[in-house]
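Here is a short report for a reader new to this structure.

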Amino acid sequence: MSPDLLLVSNHSKVCVQLLDCMKGEVVSEVQLQGRPYRMCLTDRNTATVTVGGWQIQMIKVKDKTLTKGRALTVSGTIRGLTSCRNSLVVAYCSQPWLKVISMDGKVLHQFDKSGKSQHFNAPRFMCTTPGGSVFITDNDTHTITKVDEQLNLLQTFTSPLLYAPCGITAVTEDQILVCSQGNHNIMLLQPSTNTMSTLLGEDDGIENPYILTYCPDHKKIYIASYNTRTIKIFQMT
C-alpha cells in the first residue's frame, strides 16, 4: 500500500491484514466469509481479494483501517486475479481460463480457447505491467504466458530453471519477478530478450517461495513461502 504498509491475505486466519513494516505488527484486519487466495490493488486505497474461490471482495483502506466494500459472486473457481485499466482479470481452473470483468461483474473479454488450451492447465498467479500487459504463471506446464488487456496471446516463456512457478510481480515492463517454487528460486524474466535468470536462491534462504511483491519506493522485494508465517524482505539493486 505504501513503503511502510503491506497488505496480506492470511489464509489460516480467514482474513486480510494490514502490516506496519516499520513496527512489524498488524495495525488492522478484516474477517472474510471464506479463505482468501489471491489479491491485487485496484487503486491506492482499494484492494480486491478472492474469497473461497467463488467470490471477489472489495476492501477499502483508509487511515490504516480496513473495511469491507461490495462483493462480486462469479461463476467458476478462481485461481488468479489482477487488475488492469480499471477492470479485473480473472484466471479460472477450467476453460475459458481467463476473463476480463468490470468492477460491477460484467464480462468484457474472455480468452479464445480454440486451439490454445495447451497454454493453460493450472494458471495460478497473475500480474499487470505498467503498460497493461498481463503475465500468468502455470504451475503444471511450468510456463509464464503474456497476454494483452483484451486477452490476446502475446508470448509464452519457459526455462529449465523454472519449475512449478507461482507468485509473479512486475518491477518494470521488462523486469518480471517469478517464484519458481519447485527450484526454490526467485527468477528474473526479461520479456524483450526472452531470457530468465536466477535472482535469489537457496543460498539466500529461499525455500518453497509462493508469492511475492515489489515496493518501488524502497526497491524491496517481499517474499512469502508456502506454509510459513514469515515474510522475507530483500533489497533489490
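Two strands pair if DSSP finds at least two bridges between them. Strands themselves (E, at least two residues) are DSSP runs, numbered from the N terminus. This is a predicted model: local features need pLDDT of at least 70, side-chain atom pairs count only at pLDDT 80 or more, and totals for chains, interfaces and linings use all residues. Residues are numbered from 1 along each chain as its sequence is written, and side-chain values use heavy atoms, with hydrogens and water left out.

T48 has M58 of strand 6 as its bridge partner.

## N139, in a loop

N139 sits in the loop between strand 13 (134–138) and strand 14 (143–147). Its relative accessibility is 14%, so N139 counts as buried (under 20% relative accessible area, 1.4 Å probe, protein chains only; exposed is over 50%, partly exposed in between).

Beyond neighbours within four places in sequence, N139 is in contact (heavy atoms within 4.5 Å) with A122, R124, A164, P165, C166 and Q181. A polar atom of the N139 side chain lies 3.5 Å from the backbone oxygen of P165.

## S225, in a strand

S225 belongs to strand 21 (residues 220–225). S225 counts as buried because its relative accessibility is 16%.

The backbone oxygen of E207 is 2.8 Å from a polar atom of the S225 side chain. Leaving aside neighbours within four places in sequence, S225 touches E207, N208, P209 and Y210.

Conventions: Helix = DSSP H or I, 4+ residues; strand = E, 2+ residues; numbered from the N terminus. Polar contact = N/O pair within 3.5 Å; in protein donor to acceptor, adjacent residues only side chain to side chain.
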